[in-house]
Amino acid sequence: MSLRIRAACTAVAVVATGAGFGAAGSASAATRPATVRAAASTIKLTNAQQYAVDEITNVFENGDITSGFADIEDYGDGCGYTAGYIGFCTQTDDDVNLVTYYDSVAPGNPLQTYLPALKKLAAAGSDAHTGLSGFPAAWQKAAKDPKFIQAQFEQAHTYYLAPALAEAEKVGITTPLGVADFFDTAVEMGPDGAPDSPDGLLVLVAETTKDEGGTPASGVNEHTWLAKFNVVRTAHLKNPKTPGRKSDWPESVDRVQALQAMASANEWTLPTPLKVGADFDFTIPAYTSGSPV
């Protein structure tokens, strides 16, 4: 099973203009926006589908849907501390953005005092631990707060789901499973393209479009196009151009295998309970108003 091997500190997060999401400050950890969409998008996700999109990547990253929020470790990969549900890291603005946002909804939280150090490290692109004494314990303490869990989801939506939705709208993707595929690609490989992310979402979309002679928006069958997209993504994972990923990304092809298995099972609407196959062998529970996120 491939866990914790996304390019957290090499993917440059891009926010899609006009994408709107519910404020975490007024929502419990189990509350999902009724509809998540890019500006003027025809893609609409129900609460249950949004939950499934989030949790598929949660399973890929952590093996389940609950343990990742408190995880924090330095893997020696140049990212500094990598922590949380999608691997926010201290070497970039990931943690600065998350902790700043969390502080706006939960003033006086355990991570607040680390913001100056996090900003300095991110500005320098440093993987050092300077000023972060006690940071892992503070992170784990914060992870007991539902607002911090929700903050992690909100940041993932802002910096990864929003650009993934914008690109899906451009390409003509209409299915929740297609959105999940784009979102997971953005999280693991970057939501942008070369040179910042030479294996990023936009690169894979361009190659797939060339191979298929078009996109669903131009008339190519969406299911066929996404199957080719998964082939292209697998090829990039096996032979990445992103520095430092040749040793770990090849192990993560099971993410693509699991997504393609859902397509083969016609799980295009992401009904829950939802089986996450390949090496993961995990079933995402049925969505309810009290579902853990």
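These are my notebook entries on a predicted model, from the overall layout down to single residues.

**Ground rules.** I number residues from 1 along each chain as its sequence is written.

**Entry 1: the overall layout.** I started with the secondary structure and found 9 helices and 5 strands in the chain. Helices (H or I, at least four residues) and strands (E, at least two) are DSSP runs, numbered from the N terminus. From the N terminus on, I read the elements as α-β-β-β-α-α-α-α-α-α-α-α-β-β. Of the 293 residues, 56% count as buried, a label for under 20% relative accessible area, with exposed meaning over 50% and partly exposed in between (1.4 Å probe, protein chains only). I also looked up contacts, meaning heavy atoms within 4.5 Å. Among those with a separation of 6 or more, residues 24 or more positions apart account for 66%.

**Entry 2: the sheet.** Next I looked at an open sheet of 3 strands, which has the order β1-β2-β3 and antiparallel pairing. Two strands pair if DSSP finds at least two bridges between them. Which strands stand at the edges? They are β1 (72-74) and β3 (88-89), each with a single partner strand, so one side of each is left without a neighbour in the sheet. I found 3 bridges in the antiparallel pairing of β1 with β2 (residues 81-83), and the bridge partner of Asp74 in β2 is Tyr81. Helix α4 (residues 135-142) lies across β1, β2 and β3 and runs at about 155° to β1. Axes here are lines fitted to C-alpha atoms, for helices over the stretch in contact, and angles run from 0 to 180 degrees between N-to-C directions.

**Entry 3: α2 and α5.** Helix α2 (residues 94-105) packs with helix α5 (residues 146-171) at an angle of about 130°, their axes 9 Å apart. That makes α2 oblique to α5; angles under 35 degrees count as roughly parallel, over 145 as roughly antiparallel, 65 to 115 as roughly perpendicular and the rest as oblique. The residues making the contact include Leu98 and Tyr101 of α2 and Phe148 and Tyr159 of α5. By class, I noted 8 nonpolar, 3 polar and 3 charged residues in this contact. Ala, Val, Leu, Ile, Met, Phe, Trp, Tyr, Cys and Pro count as nonpolar, Asp, Glu, Lys and Arg as charged, and the others, Gly among them, as polar.

**Entry 4: α1 and α6.** The axes of α1 (residues 47-62) and α6 (residues 176-189) come within 10 Å and cross at roughly 40°. That makes α1 oblique to α6. Among the contact residues I picked out Val53 and Phe60 of α1, and Phe183 and Val187 of α6. This contact has 7 nonpolar, 2 polar and 3 charged residues.

**Entry 5: backbone details.** Where is the place of Pro195? I found Pro195 in the loop between α6 and α7 (201-212), and a cis peptide bond joins Ala194 to Pro195, with omega about 5°. The bond from Thr272 to Pro273 is cis, with omega near 5°, and Pro273 is in the loop between α9 (253-264) and β4 (274-276).

Asn266 lies in the loop between α9 and β4 and has a positive phi of about 60° although it is not a glycine. Is Asn266 buried or exposed? At 58% relative accessibility, Asn266 counts as exposed. Ala278, in the loop between β4 and β5 (282-284), has a positive phi near 55°. With a relative accessible area of 41%, Ala278 is partly exposed.

Notes
Predicted model: local features only at pLDDT ≥ 70, side-chain atom pairs only at ≥ 80, totals over all residues. Heavy atoms only, no water.
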